Amino acid sequence: MKREDKNLQSKQKIIKNAVQEFAERGYGLSSVNAICSTGNISKGVMYHHFKDKDEIYLTCIRECFDALSSYLRMHLEKENDDKLQAYFDARYVFFEQNPMYQRLFCDAVISPPQHLAAKIGVIKEDFDALNLSVLTELLSEVHLRKDVTMQQAIEVFRLFQDFINARYKMMPYDEFDIREHEEICSRSLNILLYGVIERREENG
């Protein structure tokens, strides 16, 4: 095996074990020692590829968001009707198929390590841009009130998303229900988009 291939294989093994460690224990309780022990990885090999725990964690976060964004794009390209429902359905299926990424996603979106929040924000940029494109497309298909701009509407949606995430911020991870979270996000966005009052067309 070529050295480059061996190094890549070694790095992927570290990432796989690190994803499992961070998913099961979160950033705060995880350690380089635990990652090495669980994966039977020498510290020399670990530090050959990664500077420290923070770099490993950020790499895992990037793996999570790259995989999620790619999955969502692939599935949304096939959807022509209810894009909002398709978006949240795809998100939920992704987390069902990749449960280890669920904790990483929640940590990054709801309660990131404060000293890494800015770097996580950069990693999330592609995912955030995808969300913005889905929301912009939805808004472009409806008639906004004359006193509301698209930018103002988007800002309201972002604020409401932050409010929803704050609800889960202090919740123990073993009590976090990803299906409930996704359903609340979907329902809230639907209500914000289309309101709660049924509009009846007047006759004549």
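Predicted model: local features only at pLDDT ≥ 70, side-chain atom pairs only at ≥ 80, totals over all residues.
Which helices each supply at least two residues of the lining of the largest pocket? Residues are numbered from 1 along each chain as its sequence is written, and side-chain values use heavy atoms, with hydrogens and water left out.

The chain contains ten helices and zero strands, where helices (H or I, at least four residues) and strands (E, at least two) are DSSP runs numbered from the N terminus. Its C-alpha trace spans about 80 × 40 × 25 Å along the principal axes. Of the 204 residues, 39% are buried, that is, under 20% relative accessible area, with exposed meaning over 50% and partly exposed in between (1.4 Å probe, protein chains only). Contacts (heavy atoms within 4.5 Å) between residues at least 6 apart in sequence join residues at least 24 apart in 66% of cases.

The question of the pocket can now be taken up. The helices concerned are α5 (83-97), α6 (99-109), α7 (117-123), α8 (125-140), α9 (150-169) and α10 (178-194). The largest share of the lining, ten residues, comes from α9. The largest pocket has a volume of about 750 Å³, and 33 residues line it, of which Asp-128, Asn-131, Phe-157, Arg-158 and Gln-161 are the closest to its centre. Here a pocket is an open set of points on a 1 Å grid over the protein atoms alone, where a 1.4 Å probe fits, with protein on both sides within 12 Å along at least five of seven lines; lining residues have an atom within 4 Å of a point. Grid points are joined across faces, edges and corners, and the volume is the space filled by probe spheres set on the points.

Helix α5 holds Ala-90, which counts as buried because its relative accessibility is 6%. Beyond its neighbours within four places in sequence, Ala-90 is in contact with Tyr-71, Leu-72 and His-75. The C-alpha atoms of Ala-90 and Arg-158 are separated by 20 Å, the two residues being 68 apart along the chain.
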